[in-house]
Amino acid sequence: MTGWQPGATISVISRDGCHLCDDVEGVVARVAADLDVRWERVDVDADPELVERYGEEVPVTFVGGRQHDYWRIDEARLRAAVADLPSS
C-alpha cells in the first residue's frame with residue numbers, strides 16, 4: 001500500500017504529458033470550483049508504489065477518499081458523487 005492518502009475532496013492521480021489526465025483535470029477543476037471543494041493532483045511517477053498500483057490506469061479519480069473513475073470521467077457523475085458526500 002502506498003503512503004499517499006487523499007488530502008482533498010477530489011484527488012486525481014495523474015502524470016505529465018498525459019492528454020487524458022489533462023482532460024480529466026479540466027473537468028475536476030471546473031466541478032471543484034463550481035461546488036467550492038478542494039481538489040489535488042498527485043503525480044503518479046513521484047511514488048513507485050503509485051506507479052505499481054495505478055501506472056497503467058491514469059488518470060485515476062478519487063472522491064472522498066474512494067476511487068471514483070479511471071481513464072475518463074463523466075462530469076454529471078462526478079458532481080453527483082461530490083454532492084452525495086456527507087457534510088463535514
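Start by selecting Trp39, which is partly exposed at a relative accessible area of 27%. Buried means under 20% relative accessible area, exposed means over 50%, and partly exposed lies in between (1.4 Å probe, protein chains only). This is a predicted model, in which local features need pLDDT of at least 70 and side-chain atom pairs count only at pLDDT 80 or more, while totals for chains, interfaces and linings use all residues. Residues are numbered from 1 along each chain as its sequence is written, and side-chain values use heavy atoms, with hydrogens and water left out.

**Stop 1: around Trp39**

Trp39 belongs to strand β2. Helices (H or I, at least four residues) and strands (E, at least two) are DSSP runs, numbered from the N terminus. Show what Trp39 is in contact with (heavy atoms within 4.5 Å). Leaving aside neighbours within four places in sequence, the list is Ala8, Ile10, Val12, Glu25, Val28, Ala29 and Ala32. For a distance, pick the C-alpha atoms of Trp39 and Asp84: they are separated by 16 Å, and the two residues are 45 apart along the chain.

**Stop 2: helix α1**

Next select residues 19–35, which make up helix α1. The expected span of a helix is 1.5 Å times one less than its number of residues. For the 17 residues of α1 this gives 24 Å, and the end C-alpha atoms are 24 Å apart, which agrees.

Which residues of α1 are buried? They are Leu20, Cys21, Val24, Glu25, Val27, Val28, Val31 and Ala32. Turn the view to look down the helix axis: the buried residues of α1 fall within an arc of 165°, so they line one face of the helix. The arc is taken from the directions that run from the helix axis to the C-beta atoms. His19 and Ala33, on the other side of α1, are exposed. The cover over the buried residues of α1 includes β1 (10–14), β2 (39–43), β3 (60–63) and α3 (75–83).

**Stop 3**

With a relative accessibility of 71%, Asp36 counts as exposed.

**Stop 4: the sheet**

Colour the strands now. Four of them form an open sheet with mixed pairing, in the order β2-β1-β3-β4. The edges are held by β2 and β4 (66–70), each with a single partner strand, so one side of each is left without a neighbour in the sheet. From one strand to the next, the twist averages 25°. Two strands pair if DSSP finds at least two bridges between them.

In the antiparallel pair of β1 and β3 there are four bridges. Here Val12 stands opposite Thr61 in β3. Bring α1 back into view: α1 packs on the sheet, touching β1, β2 and β3, and its direction makes about 165° with that of β1. Axes are lines fitted to C-alpha atoms, for helices over the stretch in contact, and angles run from 0 to 180 degrees between N-to-C directions.

**Stop 5: β3, β4 and Asp69**

Move to β3 and β4, which run antiparallel and are joined by four bridges. Their hairpin has two residues between the strands, and in this hairpin Gly64 takes a positive phi near 60°. Thr61 stands opposite Asp69 in β4.

Is Asp69 buried or exposed? At 16% relative accessibility, Asp69 counts as buried. Residues up to four places away in sequence aside, Asp69 touches Pro59, Val60, Thr61, Asp74 and Arg77. Draw the link from Asp69 to Arg77: their side chains are joined by a polar contact of 2.7 Å. A polar contact is a pair of N or O atoms within 3.5 Å; within protein, one must be able to donate a hydrogen and the other to accept it, and residues adjacent in sequence count only if both atoms are side-chain atoms.

**Stop 6: two loops**

From Asp69, go to its contact Pro59. Pro59 is in the loop between α2 (48–54) and β3. The peptide bond that joins Val58 and Pro59 is cis, with omega about 0°.

Finish at Trp71, in the loop between β4 and α3. Trp71 has a positive phi of about 70° although it is not a glycine. With a relative accessible area of 42%, Trp71 is partly exposed.
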